[in-house]
Amino acid sequence: MTDVPQRRARAKRSASFPTSSLPAPASTDRRSRSSRSGGRPAPAAPAVAPFATSPGAASTTERPKPGARASSRPAGDKRANGSGSVRLRGKTWTARLSLGEAGRPTFSLPTCRTEQEANARLEVLADLAGRLLAAGQIVLGLPLLEQAAAREGRALHDVRLAIEQLCKGEARARPSGEITFAEFAELVVSGRLAEQYPLHVKALRRPEPYRHKLNHVLDVLGPIPLPRLTLDHADRAISMLPAHLEASSRQGIAKFIHRILALATYPARIIANNPLPRGWIPKADDNKAKGSLYPDEDRRLMAAVDIPLSYRIYYGFLIREGMRADEAGRLEPSDLDLDRGAVVLDENKTDDPRAWALSPDVVRALRAYFAICPPKERVFIGPNGPLPGRSGAKNFRNHLRRAGIDRPELFETTQSRLNIRLHDTRATFITIKLANGRTETWISDRTGHKSSRQIHNYKRAARKVAELGLGDFAPLDEAIPELNGKGGPVGGSAPTSAGLEARSPSPSHDASLVRALPDRAPSAVDDDAGQAAGGNATATSDALGPRWAKPAARPAADRLEASEIVEVSSDPAASPQESWREF
């Protein structure tokens, strides 16, 4: 009986205890959080004997906290390595993964816009992380997982291959910070970056000039990892450029450095920001005077039969159509429609396809030229392949001298002037056509200039030509003697004196074609002789062969006509239009 009062007293005491003072059993969520954080699991709370409660006593069952998420895993289960979760931080989705000894890092998912895309990318990361964990390469493969989180398409495919090689032991993972400026620049120049990101990067048509630019700065910038490259490094590289480089060359090198770092920022995503600020590229004063030919000098060049015909038809085409030299050098016969007199230029420097109607005299000249020299893989073929070759400007100046053109400003390079280059045939075209009333639209259709400002730079020289009354170019089919039946063999190789007598056709010209050159110029003249002896001899052997072997004196009428040409071209008072009609 004594036990009954004791039991009643014990029941009263238990009923009077507040439920919040009772120790709560450790929840599954708390255990899972401790295991996911990498720490030791919290010790289990000691078991508490259940208290008997009488009717009306407070319940000892712990209620879930408001807003608490119920765990989807069974009680006592531990989150496995490689599983994770996604979260929206600001405007960017992120993913967290449990990676064993690599901890639980967070990966940014910049390409994901919705929660579904983020979860899909989380599954990809979990799969790749599981392979690295199984191979014991999770620490080395962590930078690759960061790249897999940020890349798409072909770039993501490349990361998968790298992880597979790492798991097989065939490769060593390199942190992204180890890629140097020289290594990434090679990806750009070689075109491999364009293959990886075809929508954002275009392959370089001619990589060699860009390799030459990089050679000036690789000693300074080459071994520096891209994430550690700073503005000071770039400034030092530019300051150590050779002193003989022009301002425009320095500007070109700086532009290419800036472009490489911009591509490393996007789409490669190797660095977060371009370390070179806006305005870092140095300015280049492009106010040097450039040379251009006058119409009478063009006639002299076209009439110089000792210069190979392939070069003269090439120069005449450039001067009369305004095309870039490299564009004309790559021109294929299929690009020309001589039946209708049109040209189509799809591939060019600015990637802006253009087409226009050729001048009628150029169409006639090309037809006559193809009858003598049938076209091959290119329209303009020299002795060493498509013109102009690597020494186009040098050959051009040598040919001008051989034609008797000796105006000093064409061959001088000073602080305020550049000697004439093959590219200046465009300047010649624009200047003469503006002087003869052609519109800027008509000119830009042929030259490909994007703005009126570029053409405006030639208006001052055009006004001078118009005031001097120098006229327009002679028709190309009449200016080249071989194409109008008044010249000697195709592309002679005899030396020419600087006087007018050497430029006028005469019987001595035909006789001199079979003699060797005793004092030939080293490079350009050798190419010219090869053109005369090689590509044209077979095509014209029937029509011109007898005159090569046994030169015959020309009729008196021909000699009289030749003397009239010299007199008209040397008379400053003569009208330019009359001179080419006489020709």
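Q: How many residues does helix 17 have, and how far does helix 17 reach from its first C-alpha to its last?

A: The model is a predicted one. Helix 17 comprises residues 424–435, twelve residues in total, and reaches 16 Å from its first C-alpha to its last. That span is close to the 16 Å expected at 1.5 Å a residue.

Eleven of the twelve residues of helix 17 are buried, so helix 17 is largely enclosed by the rest of the structure. Here, buried means under 20% relative accessible area. The buried residues are Asp424, Thr425, Arg426, Ala427, Thr428, Phe429, Ile430, Thr431, Ile432, Lys433 and Leu434. Among the elements that cover them are helix 12 (295–303), helix 13 (309–321) and helix 16 (392–402). The cover also includes helix 18 (440–447), helix 19 (452–456) and helix 20 (459–468). Just after helix 17, Gly437 takes a positive phi of about 90 degrees.

Helix 6 (residues 181–190) may be set beside this picture. In helix 6, Phe181, Phe184, Ala185, Val188 and Val189 are buried. Seen down the axis of helix 6, these buried residues fall within an arc of 140 degrees, and therefore they line one face of the helix. An α-helix has 3.6 residues a turn, so residues three or four places apart point the same way. The cover over the buried residues of helix 6 includes helix 7 (192–196), helix 8 (207–215), helix 9 (218–221) and helix 11 (247–265). Just after helix 6, Gly191 takes a positive phi of about 95 degrees.

Note on methods: Residues are numbered from 1 along each chain as its sequence is written. This is a predicted model: local features need pLDDT of at least 70, side-chain atom pairs count only at pLDDT 80 or more; totals for chains, interfaces and linings use all residues. Side-chain values use heavy atoms; hydrogens and water are left out. Buried means under 20% relative accessible area, exposed over 50%, partly exposed in between (1.4 Å probe, protein chains only). Helices (H or I, at least four residues) and strands (E, at least two) are DSSP runs, numbered from the N terminus. The arc is that of the directions from the helix axis to the C-beta atoms. Contact means heavy atoms within 4.5 Å. The expected span of a helix is 1.5 Å times one less than its number of residues.
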